[in-house]
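Thanks for coming, everyone. I'll keep this brisk.

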Amino acid sequence: MQGKSWRDVTYKGKKYDLKHLHPFTFKAQINNAEVKISVAFSNHCFTDKKGEGKPLMSGRYFCEDRYQCSLELPRILQQHLINGHIIPHWDRNSNEVYYY
């Protein structure tokens, strides 16, 4: 499985566990076929460009709001991706697919 396993972040003296954003794989039934879906997360799930202090990486700062929302991402993907609640977006510039 490709993807980055994120290290915990310490921000304002508090440690934030990022294990929920490690890559994972799950199986789903689509049109009577079992498919394997691999998921990896970028740092955009817990950083933004509006932060304060020292950047964590590439000009991005830890964002507590994004971190809190990210806690639900694995569950949302596993339960709602197959039900059509996730919308794919193809970025032709980067040749990547993003899901919203």
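Start with the largest nonpolar core, which has 17 residues. By nonpolar core I mean a set of buried Ala, Val, Leu, Ile, Met, Phe, Trp, Tyr and Cys residues joined through side-chain atoms within 4.5 Å. Buried means under 20% relative accessible area, exposed means over 50%, and partly exposed is in between, with a 1.4 Å probe and protein chains only. The members that touch the most other members are Leu18, Leu21, Val39, Phe41, Phe46 and Phe62. Which elements give two or more residues to this core? They are β1 (9–11), β3 (24–30) and β4 (33–39). Of these, β3 gives the most, with three residues. Strands here are DSSP runs of E, at least two residues, and helices are runs of H or I, at least four, numbered from the N terminus. As background, nonpolar side chains in soluble globular proteins tend to be buried together.

A word on the source. This is a predicted model: local features need pLDDT of at least 70, side-chain atom pairs count only at pLDDT 80 or more, and totals for chains, interfaces and linings use all residues. Residues are numbered from 1 along each chain as its sequence is written, and side-chain values use heavy atoms, with hydrogens and water left out.

Back to leucine 18. What is leucine 18 in contact with, leaving aside neighbours within four places in sequence? The list is Trp6, Arg7, Asp8, Val9, Phe46 and Tyr67. Contact means heavy atoms within 4.5 Å.

Trp6 comes up again with asparagine 43. Asparagine 43 sits in the loop between β4 and β5 (47–48). Is asparagine 43 buried or exposed? Buried, because its relative accessible area is 13%. Not counting residues up to four places away in sequence, asparagine 43 touches Trp6, Met57 and Arg60.

Now into strand β4, for isoleucine 37. At 15% relative accessible area, isoleucine 37 is buried too. Isoleucine 37 and leucine 77 are 40 residues apart in sequence, yet their C-alpha atoms are 9.9 Å apart in space.

Last, the backbone. Most residues other than glycine have a negative phi. Lysine 12 has a positive one, near 50°. Lysine 12 lies in the loop between β1 and β2 (14–16). It is exposed, with a relative accessible area of 62%. Serine 58 also has a positive phi, near 40°. Its place is the loop between β5 and β6 (61–62). Serine 58 counts as exposed, because its relative accessibility is 74%.

That's my list. Over to you.
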